[in-house]
Amino acid sequence: LVALTGYMGAGKTTVGRALASLLRWSFFDLDCEIELRHKLLVRELFQLHGESGFREIETATLRSVLPQASGSTVIALGGGTFVQSANAELLQSRGARVVFLETAIEELLQRCRAAAEHSPQNPRPLAATPEAFRDLYAQRLPFYRSADLTVNATGKTIEELAQEIVLSLRLSHH
């Protein structure tokens, strides 16, 4: 079981999908699971329940996804999932190997800006301004750093990242 953590725009979902297909494992995207179960977007859940309410939903969803996630599963976590100690403990108790996709903050900011230009509402409720974006990153970094493996994602393709994770964790793929 491998879980990907990292900040907004780090590519958790895209790298997770590529890693799962490389290994022929199953793939879960935690934010997608939350949206499917609640029939609302993450952004809307934040608006309705606030951050603390959203975090409860997130932990409940992770708790119910994990039993279905055998050893051969890749999970893309939300940007704030691994920062919550309850979630880190849940993952640890399942023997998950957590991988931090580390990307330069300026690159993340650019990616998220580009994404925001395509969506009228801000999909990043906790990082509406560049300052808030940087502050939140600084706040979360120590938690991300406690992952089992840190992979520097700057300047690498999705495929290269997936390969690097496979090699670093010595995962066998057929």
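**Helix contacts and sheet order**

Q: What makes the contact between H2 and H3 in this predicted model?
A: From H2, the residues Leu 30, Asp 31, Glu 33, Ile 34, Glu 35, Arg 37 and His 38 take part, and they meet Val 42, Leu 45, Phe 54, Ile 57, Glu 58, Thr 61, Leu 62, Ser 64 and Val 65 of H3. By residue class, this contact divides into eight nonpolar, three polar and five charged.

Q: Why are H2 and H3 called roughly perpendicular to each other?
A: The axes of H2 (residues 30–38) and H3 (residues 42–65) cross at roughly 105° and come within 10 Å. Angles of 65 to 115 degrees count as roughly perpendicular, and the two helices are therefore described in that way.

Q: Why is H1 called oblique to H7?
A: H1 (residues 12–23) packs against H7 (residues 158–168) at an angle of about 60°, with the axes 9 Å apart. Roughly parallel requires an angle under 35 degrees and roughly perpendicular one of 65 to 115, so H1 is oblique to H7. H1 passes H7 in a right-handed crossing.

Q: Which residues make the contact of H1 with H7, and how do they divide by class?
A: H1 contributes Thr 14, Val 15, Ala 18, Leu 19, Leu 22 and Leu 23, while H7 contributes Ile 158, Leu 161, Ala 162, Gln 163, Ile 165 and Val 166. These divide into 10 nonpolar, two polar and no charged residues.

Q: What makes E2 and E5 the edges of the sheet?
A: Five strands form an open sheet in the order E2-E3-E1-E4-E5, with parallel pairing. E2 (26–29) and E5 (149–152) each have a single partner strand, so one side of each lacks a neighbour in the sheet. Neighbouring strands are turned by 20° against each other on average, direction ignored.

Q: How do you know that E1 pairs with E3 and with E4?
A: Pairing requires at least two bridges. E1 has three with E3 (residues 73–76) and four with E4 (residues 97–102), both in the parallel sense. Val 2 stands opposite Val 74 in E3 and opposite Arg 97 in E4, and the bridge partner of Leu 4 in E4 is Val 99.

Q: Why are both faces of E1 called covered?
A: Buried means under 20% relative accessible area. Val 2 and Leu 4 on one side of E1 (residues 2–5), and Ala 3 and Thr 5 on the other, are all buried, so both faces are covered.

Terms used:
Residues numbered from 1 in each chain as written. Predicted model: local features only at pLDDT ≥ 70, side-chain atom pairs only at ≥ 80, totals over all residues. Heavy atoms only, no water. Buried < 20%, exposed > 50% of the residue type's maximum accessible area, 1.4 Å probe, protein only. Axes fitted to C-alpha atoms, helices over the stretch in contact; angles between N-to-C directions. Parallel < 35°, antiparallel > 145°, perpendicular 65-115°, else oblique. Left-handed = near helix turned anticlockwise from the far one by under 90°. Contact = heavy atoms within 4.5 Å. Nonpolar A, V, L, I, M, F, W, Y, C, P; charged D, E, K, R; others polar.
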